[in-house]
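The following report describes selected local features of a single protein chain.

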Amino acid sequence: MRRLKFLGNIRKYPRINITFVAFTLLSLGMFGRAGAQDLSETDAFEAYTYDVSIAGDIENDLLSLIEKSSRLEQLKDKLPSSLAALKRRVKEDSEGFDKVLRSEGFYDNTISYSIDDSQRPIGVAFEIEAGPQFHLNTFSVVFKSGKQIPAALNNTNLGISTGVAVRSEAIVQAKNQAIVILADHGYPDAKLADQEAIVDFATQKMDVTLVLDEGPRLVVGNLEFEGLKEVDSVYLQQLSQWKAGILYNAKIIDELRRKYLRTGLFEAVRMKPLDTSNAARDGTYVTPITIVFVEREHKSVGVGASYSTSEGAGTQFYWENRNTFGQGEKLRADLTVAEIRQQLKLGFTKPNYLRNDQNFNANTNIKHEDTEAYEEKSVSAFVGIDRKWGNHWTVGGGLELELSEIQDEDDTESYAFASVPLSARYDSTNDLLDPTSGFRFGVTATPFYGLTAASPDFFKTEIDGSTYYSILDDDRLVFATRGKIGLLAGDSARGIPATKRFYAGGGGSIRGYEHQTVGPLNASDDPVGGRSLVEFGAEARVRVTEDIGLVPFIEGGNVYDSAVPDFSENFQWGAGVGLRYYTAIGPIRLDVAVPLNRRKEIDDAWQFYVSIGQAF
């Protein structure tokens, strides 16, 4: 077989070498509008109106690409000023159609056209024979310097396979992936030096070779910082776990940048451009890595409000310092003033305590709560540790001491407890306040140890989860479900303090019922709580406009005296519809709900709730 290395008319030679041109089909302006005359539609130009037809052996998808690339179609509203101008457009389309066909692997195509100016509109007819689609025979990557390429530059990692149809898009993607891989293997300045494609018309196959200018091989030196004002550089060094002396790896540096952003201490984090002007091409160059920061404000205050017909009005205030001692320590004070609850909570979090991704937590809590079930006055203190486990899990534990005075059905008792809350939570959702995908799952197990004769020992377990699934594009319809199970073991329901029992009903529980009223009631129809709980809820979150949404929902559940749920007792079901107004900080919600199996002289006809964030 005669093989030639030649640039020229590809239909004249059995095998040639051509310059491989990346061809982007998604841009409708492939040829641009530059040079098109801005001519008004006068009678002088109406003589050069035209119709375009394309026929031949081409499939529908390929025909669509060709039509989108047509200059004649793009400029149909700007008529040519002469027959010669029309002919130039036709010729440019013929050349453009050839580029489209080659970009899809049709190198042995034929394109002919005719112009019939004896009629008006002028008839422009193309006849296209795509010919056979060529396939990739070999694909290789070499360095311009002739050095050995990293083993990672294999076809599998480049996302390309031999034997497939030769498309420009796949070749371009493989080239881009090669540059990315080299940046992760010590060559951040790599670029394309040349690329060639050898087309064999006899076998209808192509051999492609990418020639890369790899640039200097870099080893990272010390990690340096710029732009810090209040954040301690020692803390950032500890957080980085930096290892000098290893090959430059763009992936490691990008992950470090994201890690710094996740601290919440910075508005922007970027790497300073590398200076490799003195790097030798025949050796390894050691370069320091400099990270440039823009710190955000570390102190903030906030206020919130909520209202429901069952719990009344409530306001929440907070003050927060997210960098108390220069190493990302968070000090926060929360004050709640509501009809049924007044609470002051002081919390402190030391991130990356003793090791990365491990937090030290401490808080104190002073609370007064007065509901139909009980009146509580309490003070508590907690210290504990939580840490990340994998990408989505967080596990934690600690020690809590609590003193309380509780009035329950005209009986007042003082309690003192030590507890060891243990928790594990999984969260793969994409947003804290308004998730549209992923799911959440959590387990909390807490043994309580009584420190006085009136304080019993018992064990409390709570399991909850929720899922989110986007059904329509742009998250216009999201289906969300949730469930919760609670179990208490160790004493009778009445022997356990009222504040530690389970209750259901109200916002965040079963909407449509008053706060805590689902479950056992006393002779006065006041809730007394129970030792086990089951809840279920489902919502369809419909985005009507960019800012407004509607949410029909249904929820059900019950509370039981027994230590495990007694499913022979019916669920109390509630249903309703909510209005959502979407803001930058999350949706503001208004929900109206009714009890579906309303209990006479116990449940109201309806309830409504106003708050920030989705119900779950």
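Glu127 lies in strand β4, which spans residues 122-129; strands (E, at least two residues) and helices (H or I, at least four residues) are DSSP runs, numbered from the N terminus. With a relative accessibility of 38%, Glu127 counts as partly exposed, since buried means under 20% relative accessible area, exposed over 50%, and partly exposed in between (1.4 Å probe, protein chains only). Together with Asp57, Glu59, Asp61 and Glu129, Glu127 forms a negative surface patch. Such patches consist of residues with over 30% relative accessible area and no salt bridge, like charges being joined within 9 Å and nonpolar side chains (Val, Leu, Ile, Met, Phe, Trp, Tyr) within 5 Å. Asp and Glu count as negative and Lys and Arg as positive, while His and the chain ends are not counted. The place of a charge is taken as NZ of Lys, CZ of Arg, CG of Asp or CD of Glu, and accessible areas come from the Shrake-Rupley method with a 1.4 Å probe, where for residues only the protein chains shown count as cover.

The model is predicted: local features need pLDDT of at least 70 and side-chain atom pairs count only at pLDDT 80 or more, whereas totals for chains, interfaces and linings use all residues. Residues are numbered from 1 along each chain as its sequence is written, and side-chain values use heavy atoms, with hydrogens and water left out.

Pro121 is placed in the loop between β3 (110-116) and β4. The peptide bond that joins Arg120 to Pro121 is cis, with omega about 0 degrees.

The loop between β14 (341-350) and β15 (358-370) contains Leu354, and Asp357 lies in the loop between β14 and β15 as well. Leu354 is not a glycine, yet has a positive phi of about 70 degrees; Asp357, also not a glycine, has a positive phi of about 65 degrees. Leu354 counts as exposed because its relative accessibility is 71%. Asp357 has a relative accessible area of 46% and is therefore partly exposed.

**Strand pairing around β17**

Strand β17 (residues 393-408) pairs with β16 (residues 375-389) in the antiparallel sense over 15 bridges; two strands pair if DSSP finds at least two bridges between them. Within this pairing, Lys388 has Thr394 of β17 as its bridge partner. The hairpin of β16 and β17 has 3 residues between the strands, and in this hairpin Gly390 takes a positive phi near 70 degrees.

β17 also pairs with β18 (residues 411-419), again in the antiparallel sense, over 9 bridges. Ser404 stands opposite Tyr415 in β18. In the hairpin of β17 and β18, which has 2 residues between the strands, Glu409 takes a positive phi near 50 degrees. A further antiparallel pairing joins β17 to β19 (residues 422-427) through 5 bridges, with Leu422 in β19 as the bridge partner of Gly397.

**Salt bridges**

Side chains of opposite charge can pair when their charged atoms come close. The structure holds 33 salt bridges, a salt bridge being a side-chain nitrogen of Lys or Arg within 4 Å of a carboxyl oxygen of Asp or Glu. Three of these pairs are tabulated below.

| Basic residue | Acidic residue | N to O distance |
| Lys272 | Glu226 | 3.0 Å |
| Arg341 | Glu369 | 3.1 Å |
| Lys500 | Glu402 | 2.7 Å |

The salt bridge of Lys272 with Glu226 links distant parts of the chain: Lys272 is in the loop between β9 (266-271) and β10 (284-295), Glu226 is in strand β8 (residues 217-226), and the two are 46 residues apart. Lys272 is partly exposed, with a relative accessible area of 36%, and Glu226 is partly exposed at 33%.

Arg341 and Glu369 meet in a salt bridge. Glu369 lies in strand β15 and Arg341 in strand β14, so the pair ties together parts that are 28 residues apart in sequence. Glu369 is buried, with a relative accessible area of 5%, whereas Arg341 is partly exposed at 23%.

Lys500 forms its salt bridge with Glu402. Because Lys500 lies in the loop between β22 (477-489) and β23 (532-543) and Glu402 in strand β17, this pair ties together parts that are 98 residues apart in sequence. Lys500 is buried, with a relative accessible area of 12%, and Glu402 counts as buried at 9% relative accessibility.

Finally, salt bridges that share partners join Arg482, Arg511, Glu535, Glu539, Arg541, Glu555, Arg580, Arg589 and Asp591 into one network.
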